[in-house]
Amino acid sequence: MDDFYFRIHILPNPIALGNLLSAQQRDVEVWNAWIDAARTLSTINESLTDGLILNRPIVEPTVFQRNESRIYTLNIAVNGPPRIDAAYSFVFDTGAIDLRVTGQRVVPFAIKPDWSRAIRDSFEWLTEILTSYAGGEQRRKLREYPRRILQYRIILQGDEQQRGNILLAAWQSRNFAIPLWFDVTRLSSGVTSNQSAIACDTRHRGFYIGGLGIIRQAAFVYEAFEIADMSDSSITVASPLTQDWPANTPVYPLRLGMLDATQKGKLEHAGLSVYDMQFLCDDTDNAYEAIDYTTLYRGLPVLTTPNNVARDVSMEWARQLEIIDFNINGRYVDDQSNRAAIAFDYNFLAATLAERHALIQALFARAGKFNACWLASGQSDFTVMQDIGAGNNGITVAYTGYSLYLSDLPNNRRDLVIKTKAGTVYYRRIISATDNGDGTEALVLDSALGADVAVSQIKILSFLTYMRLASDTVTLEHETASIAQCAATFVSVLDDV
C-alpha cells in the first residue's frame, strides 16, 4: 500500500515526444495520493523549457486536498531549440518531483526537386570480407540497416529563395524531414482538421507504421504527421490533423536526414539560385522488407530480371596474382586461386511502382556485398548442334575449347541456363566435357532436361555464375515518380555451391 499511496504521482512521466513535426498538446495528471493529509504545492521550477508552456488549472502556491488529482496541459510548439530536454520540478511540502520532457524538433524540407534531372537514391550497407589465399570468402554483415543518401537539385526563386536560404542558414547541421518525392500519392478524399484518418494509396511506397509523412501543397504550406496505423488505402495519424486539405493534395513519406557539412549552390541572378542537395539519412525503418528472388537453383536464388542492355554493360576478368619481381631476371607469378574472378554490369529498369518496390526488396536481400545469387552471363556461350532428347543428359555443342582449357570444371564456369523461345528455362550443371574431334564438344549434365528440346527451339545457352555485388553501395536513379534505373556491378565468388 505504501508503494502506491502516501506520495505524489505525475502521470505520464517522462514524456517522450520523439520527432516533433507539428505543435502538440499533452495532458499531465498530478495526483496527491496521500489519503490522510493535504499537500501544498509551493512552486513549479522550469529548466530548458523554451518552446514549451505548462498551463496550470490553479496557480501555485496551492493546496492539493487528500487524494486530489488535477490535470495540467503541456503545449509544445515547433519553434524552439532543436533538442528538447526540459524539466518541470513540482515543489511540494514533502519534496520536489520532476517531470521530464524529451524529444527533437524536426523541420520538413519541402522544396520540390528539379525533375529535369534524376533523383539519386543510394543505399549503403557495410560488409567485412575475409579472403583466403585460394580466393574463398567469409563475409560478415556489419550494419543492420543501410544508410541512405538522397541527392537532387532544387531551384529557388521568389519567396522560396528567401525562405529557403534562411532555412539552410539556420538548420543545416540539424535533422530535416525530407519527402521521398518519388513515392508521392494523393488524397483520395478531402480531410478536415481534427481528423485522424487519411484516405490515400500507400502501396509500393515508403510509408510504414511508426514512420513519418507529410501532406504538401507548397514549399512552406504543409502538415507533417506520424503514422500510427495504415492499410493499402489509408493512413491513421498519431495526432489529429490541424488543417483542412482538399482531395488530390500530394502526400509523401518522410525520412530524417541532415545535409553535408558543405552545401554548395549557384546564384544564377538576383532572383534565382540553384542548389545540389545531398541528405545523409540513417534509415532504420522497416518500409522495405528483404524479399529475395523466388526462382531457386541448388537451393539458392536466381536473378531473373532482364539486364537492360540499352545501357553499356562492362565486363572484367581478374585474377588473384602474386607477382614477385626483383627487376633482374623474369617475374615469378603465383595464381593463388587458379580461377578468374568475373565481373560485369547489371542494369535494372523498373517501369512501375510495383517493379521498383520489388527491386528495392531484392537489393535489401543482397545487403550489399553480403548475399550472393546466381546470374546468367547474358551471352550465347555455347551453340547447340543437336536436338536434346528428354532422357538425354548430354548436349552436343560447337567446339569452344571448354573440354581443353576448363576440363577441371571451375566452379564459376560449370553451371548453365538454357532458355527456349517458348519461355521454358532449365538450370543444369556440367559434370564432364569431351572433345568429339569433329568440331563439336559433348557436355554431360547432372540430369536430363525431362523434355525434348529441338535446336530450333533454343533461344540462348549461357553460363550461370554465383555472384555478389561488387560494392556495398547501390544507387537508384528516379527519373519519374514510378520509373527508376539502377546500375550495379556483380563479381563472381568461389563459394562451392
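At 6% relative accessibility, does Tyr-346 count as buried or exposed? Tyr-346 counts as buried, a word used here for residues under 20% relative accessible area, with exposed meaning over 50% and partly exposed in between (1.4 Å probe, protein chains only).

The views below come from a predicted model, in which local features need pLDDT of at least 70 and side-chain atom pairs count only at pLDDT 80 or more, while totals for chains, interfaces and linings use all residues. Residues are numbered from 1 along each chain as its sequence is written, and side-chain values use heavy atoms, leaving out hydrogens and water.

**View 1. Four strands make an open sheet in the order S1-S3-S7-S5.** Strands here are DSSP runs of E with at least two residues, helices are runs of H or I with at least four, and both are numbered from the N terminus. Two strands pair if DSSP finds at least two bridges between them, and in this sheet the pairing is antiparallel. Strand S1 (8-11) and strand S5 (52-55) stand at the edges with a single partner strand each, so one side of each has no neighbour in the sheet. From one strand to the next, the twist averages 20° (axes are lines fitted to C-alpha atoms, for helices over the stretch in contact, and angles run from 0 to 180 degrees between N-to-C directions). Look for the four bridges between S1 and strand S3 (residues 24-32), where His-9 stands opposite Trp-31.

**View 2. Aromatic rings meet in pairs and in a cluster.** Rings of Phe, Tyr and Trp (its six-membered ring) pair if their centres lie within 6.5 Å; planes under 30 degrees apart count as stacked, over 60 as edge-to-face and the rest as tilted. The whole structure holds 24 aromatic pairs. One of them is edge-to-face: Tyr-5 and Trp-31, 6.1 Å centre to centre with 80° between the planes. Tyr-5 lies in the segment before S1 and Trp-31 in strand S3, so this pair ties together parts that are 26 residues apart in sequence. Tyr-5 is partly exposed at 27% relative accessible area, whereas Trp-31 is buried at 14%. The rings of Tyr-346 and Phe-348 have centres 5.2 Å apart and planes at 45°, so they form a tilted pair. Phe-348 is buried, with a relative accessible area of 2%. Phe-109, Tyr-152, Phe-176 and Phe-279 form one aromatic cluster.

**View 3. Strand S18 (residues 212-218) is largely enclosed by the rest of the structure, because five of its seven residues are buried.** S18 runs antiparallel to strand S19 (residues 221-230), joined by six bridges. A hairpin of two residues links S18 to S19, and Ala-218 has Val-221 as its bridge partner. Four bridges also join S18 to strand S21 (residues 250-259), again antiparallel; there Ile-215 partners Val-251.

**View 4. Helix H2 (residues 353-366) is largely enclosed too, since 11 of its 14 residues are buried.** Among them are Leu-353, His-357 and Phe-364. Just after H2, Ala-367 takes a positive phi of about 55°.

Conventions: The expected span of a helix is 1.5 Å times one less than its number of residues.
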